[in-house]
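Welcome, and thanks for taking a look at this one. Here is a short briefing to read alongside the structure.

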Amino acid sequence: MEGYRKQANQSRVKETGDNNGSKERFEGRIQEAGLTLHFFCPACFRGVPRAHGNCPDCGEDMDAWNASRSYTERLIHALAHPLAEVRMRSIIALGKRKDEASITMLERCAFRHPADIIQAMEIIRALENMPSSSAKTQALDALAEHPAHAIRKAVGRVPRK
Ligand SMILES: [Zn+2]
């Protein structure tokens with residue numbers, strides 16, 4: 001009985017989540033634990049009840065925040081996101097864009113989460129694809145001192161020009 005009621009509640013949450021809101025609003029939504037649906041403020045990353053208007057936490061106008069930043073700037077900002085999968089998407093996208101402006105923040109991201117080997121490996125892959133620059137050399141030199149042995153080893157395999 002109790003179990004049944006729980007299940008009924010869960011499916012109601014899912015239905016509400018799937019049916020209301022435009023496609024644009026839906027994209028801002030992140031499904032956590034298969035149950036709770038909500039948005040994140042693009043500026044402070046706190047969970048917020050809706051994707052538009054002012055963030056109740058930091059007060060930022062969320063649409064204006066997005067509109068005043070380039071796609072690359074937003075990707076770089078997302079490297080500080082608390083969710084690993086959001087950071088991972090940004091790392092992959094930044095690697096494809098090969099924008100030198102992201103190099104230092106990519107390097108810092110690898111040190112902020114020293115135990116996340118998969119993330120740091122993706123950061124090395126992103127850096128490897130970037131054209132040669134002093135920023136790239138500095139980032140690789142720094143990562144050669146990463147606390148994880150696997151990462152130091154991977155940096156050693158990156159061709160240096
Ligand atoms: Zn906020």
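Predicted model: local features only at pLDDT ≥ 70, side-chain atom pairs only at ≥ 80, totals over all residues.

Residues are numbered from 1 along each chain as its sequence is written. Helices (H or I, at least four residues) and strands (E, at least two) are DSSP runs, numbered from the N terminus.

**Nonpolar cores**

- A nonpolar core here is a set of buried Ala, Val, Leu, Ile, Met, Phe, Trp, Tyr and Cys residues joined through C-beta atoms within 7 Å.
- A residue is buried if 20 or more other C-beta atoms lie within 10 Å of its own, exposed if 12 or fewer, and partly exposed in between, with C-beta atoms placed from the backbone.
- The largest nonpolar core has 21 residues, and L106, I123, I124 and L127 touch the most other members.
- Two or more residues each come from α4 (71–77), α5 (84–97), α6 (103–112), α7 (117–128), α8 (134–143) and α9 (149–156).
- With five residues, α7 gives the largest share of this core.
- Leaving out residues up to four places away in sequence, I123 touches I91, L106, C109 and A110; contact means that C-beta atoms, placed from the backbone, lie within 7 Å.
- Another core lies apart from this one and has six residues, among them F40, V48, A51 and M62.

- The 14 residues of α5 reach 20 Å from first C-alpha to last, close to the 20 Å expected at 1.5 Å a residue; the expected span is 1.5 Å times one less than the number of residues.
- R87, S90, I91, L94 and G95 are the buried residues in α5. They lie on the same side of α5 because they cover an arc of only 135° around the axis, the arc being that of the directions from the helix axis to the C-beta atoms.
- These buried residues pack against α4, α6 and α7.
- E85 and K96 are exposed on the other side of α5.

- K98, which follows α5, has a positive phi of about 50° although it is not a glycine.
- K98 sits in the loop between α5 and α6, and it counts as partly exposed because it has 13 C-beta neighbours inside 10 Å.
- F45 is also not a glycine, and its phi is positive, near 70°.
- F45 is in the loop between β2 (36–40) and β3 (47–48); it counts as partly exposed, with 18 C-beta neighbours inside 10 Å.

Note on methods:
Contact = placed C-beta atoms within 7 Å.
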